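Please provide a tutorial on reading strand pairing and salt bridges in a structure.

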Amino acid sequence: VIFLHGGRSLGPSPLGSLDQGAHMIDILNDLNPSAMAITGREFIYGQEALETRATEAGFPLLSANIVHSKTQNPMEGTKPYVLLPAGPITIGVFSIVSSDVASDFLVKGIDVVEPTQIIAYTTSRMRAQGADIVILLSDIAPKNMSKLRKAHDLDIVFLATPASESMTIDG
């Protein structure tokens, strides 16, 4: 079983305002997901709190298009992607966030790489490392995702969108 978590869990919440989402990492560590996407809501308590939660997690927190502004490396404790063995196949999983994360959540010290560019790069890198199936976890608006999926070698796309948004994905 591969358990992928779509993110949107660290905040905001009444308890989270006291522990900056640490209780959610405790719960998720017990549930043991294979990987979790970083979405904009993971930044609700700031970059440092997210990096702390990522290092506490017993599972990878993924974001292929968020990097430190100075080093251009992934944030501490996060990974751009993960390769998961599943019997005779290998599944590559990665996550991207919308370009407006830094401005929507007033996050300083990070760059959000343009999604189309990073999707192509990450997908080809995972395929080169043996991924038979590539899964993208994303919080990008559904109207844009169908075009991205078709243009790049993506097998499955999971979207983390608010329940209030209607979702239609062709193809």
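This is a predicted model: local features need pLDDT of at least 70, side-chain atom pairs count only at pLDDT 80 or more; totals for chains, interfaces and linings use all residues.

**Reading salt bridges and a sheet**

Residues are numbered from 1 along each chain as its sequence is written, and side-chain values use heavy atoms, with hydrogens and water left out.

Q: How is a salt bridge to be read, and how many does the count come to by this rule?
A: Side chains of opposite charge can pair when their charged atoms come close. The rule asks for a side-chain nitrogen of Lys or Arg within 4 Å of a carboxyl oxygen of Asp or Glu. By this rule, the count is three salt bridges.

Q: With which residue does arginine 127 form a salt bridge in which the closest N and O atoms are 2.7 Å apart?
A: The partner is aspartate 155. Arginine 127 lies in helix H5 and aspartate 155 in the loop between H6 and E10, so this pair ties together parts that are 28 residues apart in sequence. Helices (H or I, at least four residues) and strands (E, at least two) are DSSP runs, numbered from the N terminus. Aspartate 155 is partly exposed, at 37% relative accessible area.

Q: Which residues are linked with Arg127 in a network of salt bridges?
A: The network links Arg127, Asp153 and Asp155. Between arginine 127 and aspartate 153, the N to O distance is 2.9 Å. Because arginine 127 belongs to helix H5 (residues 115-128) and aspartate 153 to the loop between helix H6 (142-151) and strand E10 (156-159), the pair ties together parts 26 residues apart in sequence.

Q: Where do arginine 53 and glutamate 56 lie?
A: Both are in helix H3 (residues 47-56), three residues apart, about one turn of the helix. Arginine 53 is buried at 7% relative accessibility, whereas glutamate 56 is partly exposed at 36%.

Q: How is strand pairing to be read, and in what order do the four strands form the open sheet?
A: Strands of a sheet pair through backbone hydrogen bonds, either parallel or antiparallel. Two strands pair if DSSP finds at least two bridges between them. Here the order is E1-E2-E3-E5, with parallel pairing. Strands E1 (4-5) and E5 (78-79) stand at the edges with a single partner strand each, so one side of each is left without a neighbour in the sheet. Two bridges join E3 (residues 61-62) to E5, and leucine 62 has lysine 79 in E5 as its bridge partner.

Methods:
Buried means under 20% relative accessible area, exposed over 50%, partly exposed in between (1.4 Å probe, protein chains only).
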